[in-house]
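Hello,

Here is the structure I promised to pass on.

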Amino acid sequence: MTTKSRAYPDRVTATPDYSVAPGESLRIKLEELAMSQAELARRTGLTPKHINQVMQGTASISADVAQRLALVTGTSASWWTRLEADYRSEQARLAQIGFLSDAADWVRALPVAELVRSGHLPETANSIGERALQLLAFFRVATVNAFESMWDQPLAAFRQSRAYDIDRYAVAAWLRIGEIEAERIAATEFSARKLRASLPRLRRLTAKETSDVVADITALGAEAGLRIVFIPEIKGARAYGVTRWLSATEPVIQLSLRGKTRNRMWETLFHEIGHVLLHERKAMFVETDDDVTVGAEEQAETFSKDQLIPPTATDRLWSLRTVDDAIEFSKEIGVGADIVISRAQAEGIFTRSQGSTLLRPLFLQEDESEQPRKNGRLQRRTRDDDNG
């Protein structure tokens, strides 16, 4: 069976549940040459028993045997050695699939359906073992134990950030998709100076009405060497955002848009940028439903608030009385009105209902069932929603 991965459209993934020994190709070649096994043995100087074992796949085609076959059959030695290598590799793959048939519990614990839907796994698998092998390839590990080892640290960061349980396998899948998408971004070498310089332009985007704001955010981040990816939440991960360093020079901000309002997205984005600029590169910072306001999280939250509404404008903020006042104020300081409304509500200046119609949802394509989703990438659009 042959499938094509939507996450990697140029990669065709063949998944046969059998392997073909090079001897089958040798048998066909002998038929074309009208040559018997006994004659082949005489011409190559090999024993008839050895030739028969090659035909059966019980004896491998060494470099020496490949060279002899090349001289007799007129087919290159590299072709014979490649056939042998492919056969042995396929044998190993099938053996691993058999071994992984005991990994059913691990496979069932992972969000396979969501990974298939996003295009990061083939739609079908011939067995539990084959699905397990696909998952190992997705996570870039060779064994289930390696998966546990590689993902222990990031999962620990999530556990420490939460007051209640998360689905650790959903977290691992969500983070891995973020890595894949981040690797696709052509970013320059990271520069904290460039990132700080880009903040005013990034802030002005909060007032932008068009649906391509996410692309603008990604482009601005890449100019400073910061990879910003928007990955729809996988059920159970329960994260708004995470900041991590894939290497000492590769920061990544991953947002799920959990909550799905424009103002929440901007608040979380600037919060994560605060972590990139203010805190150590070895740490992972996770933003969840918990109201964590201590240490690094408090610093990042203060950074976000001060970037969106400068401290010099807070007196004016506290003087707001009506939604019209908030809209006028947002124009004065050059941010989206929803940013001001959200802050006014959080500070108790406005009631929770006052100006709520301006807190607009930011839709991902996964929310719009009438449109197909492609390559696991999100599609964005904004709209006014008085009921939101």
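Predicted model: local features only at pLDDT ≥ 70, side-chain atom pairs only at ≥ 80, totals over all residues.

**Helix α12**

Start with α12, which covers residues 192-204. The helix has 13 residues. From its first C-alpha to its last it reaches 19 Å, close to the 18 Å expected at 1.5 Å a residue.

Where does α12 kink? The kink lies at S198 and is about 35°. The proline P200 comes shortly after S198.

S198 is also one of the buried residues of α12.

Most residues other than glycine have a negative phi.

R140 has a phi near 60°, a positive value. R140 sits in the loop between α8 (128-139) and α9 (144-150). Is R140 buried or exposed? Its relative accessibility is 56%, so R140 counts as exposed; the cut-off for exposed is over 50%.

R238 is not a glycine either, yet its phi is positive, at about 55°. R238 lies in the loop between strands β3 (227-230) and β4 (239-247). R238 counts as partly exposed because its relative accessibility is 27%. That class runs between the buried limit, under 20%, and the exposed limit, over 50%.

Best wishes

Note on methods. Residues numbered from 1 in each chain as written. Heavy atoms only, no water. Helix = DSSP H or I, 4+ residues; strand = E, 2+ residues; numbered from the N terminus. Expected span 1.5 Å × (residues − 1). Bend = angle between axes of the 7 residues up to and from the residue. Buried < 20%, exposed > 50% of the residue type's maximum accessible area, 1.4 Å probe, protein only.
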